[in-house]
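Hello,

Here is the structure I promised to pass on to you. Please have a look at it first, and then read my notes below.

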Amino acid sequence: MKYMHTQDELYANKIFFNAALPLIKVIANDVPSLKKQFEKVNAVIQVSAKDPDAEGGKTGMHYLVNGPEDFQVVLNKTAENPDVELEFKSVEAMNAFFKGKIGPATLPKMKGVISKFGTFKAFLMTLLKMANVLGADKAPETEDEQRLMVKCMFYLLTSGISQLNKMGHEEIHEWTSKSPDRVYAIAVDNHPEVSAYIRIKAGKSRAGRGEYKRAMPFFTLRFDSFKSALGTLLGTDDMLEAVKAGRIVMDGAPEFGGQFGTFMLAVGDLAK
């Protein structure tokens, strides 16, 4: 008998696997204390969930790590013999865990902890940092922490929209399928290092990090500071007031930007 996941569970799981977990690499390189933890790591690290519908009964992704500078993210594929693995008992348990519902029913099986304790510790510390960044309800005090949070959220939202499109999300796929070649970007003034974008055309999509330099984006949602960006992303700032005050600038057609914003909210809702 085939197990039936709800569509929202599948959407959320894809966002966690293919948009959130790749942020481990970003955090491991951007936070000096965590970067130091990975200096001597040479291992295959995996996150997986048991799934009767998946090939081999398991779905997942893994990292090929040889120090913080050589940190590869491998999506949609499990490794045969990972050195360290967090294995969830189901897709639903994994989703609940990453949404902060941590308990006996959602905790993963932790493999390789004894033989690769240093690797496990580095990964777990980075995973917890990612959870704190993405689960925050207010902006951090320091600019470095604000920069990291904005970068991670920008990457998560643009990648999440693209992943939902690839899965055939009805509204998002309809948006991309009717679109000519266009780029939608999100940015903070004077901080290109946190920029992110999604390029769409005739049903296809690709998310990217940094500024899109081949042409001017069709639409850019631009903030005047990290604090302004976080005010909108965390829902603590009134967006209309922010636009009036110049904290948010919409470069391009606002009606198209509205669609982009709606889909960012959809990703955020699935990840909560």
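This is a predicted model: local features need pLDDT of at least 70, side-chain atom pairs count only at pLDDT 80 or more; totals for chains, interfaces and linings use all residues.

Residues are numbered from 1 along each chain as its sequence is written, and side-chain values use heavy atoms, with hydrogens and water left out.

Back to Asp-251, which makes a salt bridge with Arg-222, with the closest N and O atoms 2.9 Å apart. A salt bridge here is a side-chain nitrogen of Lys or Arg within 4 Å of a carboxyl oxygen of Asp or Glu. The two residues link distant parts of the chain: Asp-251 sits in strand S10 (residues 248–251) and Arg-222 in strand S9, 29 residues apart. Helices (H or I, at least four residues) and strands (E, at least two) are DSSP runs, numbered from the N terminus.

Arg-222 also forms a salt bridge with Asp-189, again with the closest N and O atoms 2.9 Å apart. This pair too links distant parts of the chain, 33 residues apart: Asp-189 is in the loop between strand S6 (182–188) and strand S7 (196–201), and Arg-222 is in strand S9 (residues 219–223). Asp-189 is partly exposed at 24% relative accessibility, and Arg-222 is partly exposed with a relative accessible area of 24%.

Strand S10 also holds Val-249, which is partly exposed at 28% relative accessible area. Leaving aside neighbours within four places in sequence, Val-249 is in contact (heavy atoms within 4.5 Å) with Thr-220, Leu-221 and Arg-222. Val-249 and Asp-224 are 25 residues apart in sequence, and their C-alpha atoms are 8.0 Å apart in space.

Now to another salt bridge, between the side chains of Glu-85 and Lys-111 (4.0 Å, N to O). Glu-85 lies in strand S4 (residues 84–88) and Lys-111 in strand S5 (residues 109–111), so this pair ties together parts that are 26 residues apart in sequence. Glu-85 counts as buried at 4% relative accessibility, whereas Lys-111 is partly exposed at 32%. Both belong to a network of salt bridges that links Lys-50, Lys-58, Glu-85, Glu-87 and Lys-111. Searching the whole structure gives 16 salt bridges.

Finally, the overall picture. The chain has 10 helices and 10 strands. Its radius of gyration, taken over C-alpha atoms, is 19 Å, close to the 19 Å that the globule rule (2.2 Å times the number of residues to the power 0.38) gives for 272 residues, so the chain is as compact as a globular protein of that length. Along its principal axes, the C-alpha trace spans about 55 × 45 × 35 Å. Of the 272 residues, 48% are buried. Among contacts with a separation of 6 or more, 67% come from residues 24 or more positions apart.

Best wishes

Conventions. Buried means under 20% relative accessible area, exposed over 50%, partly exposed in between (1.4 Å probe, protein chains only).
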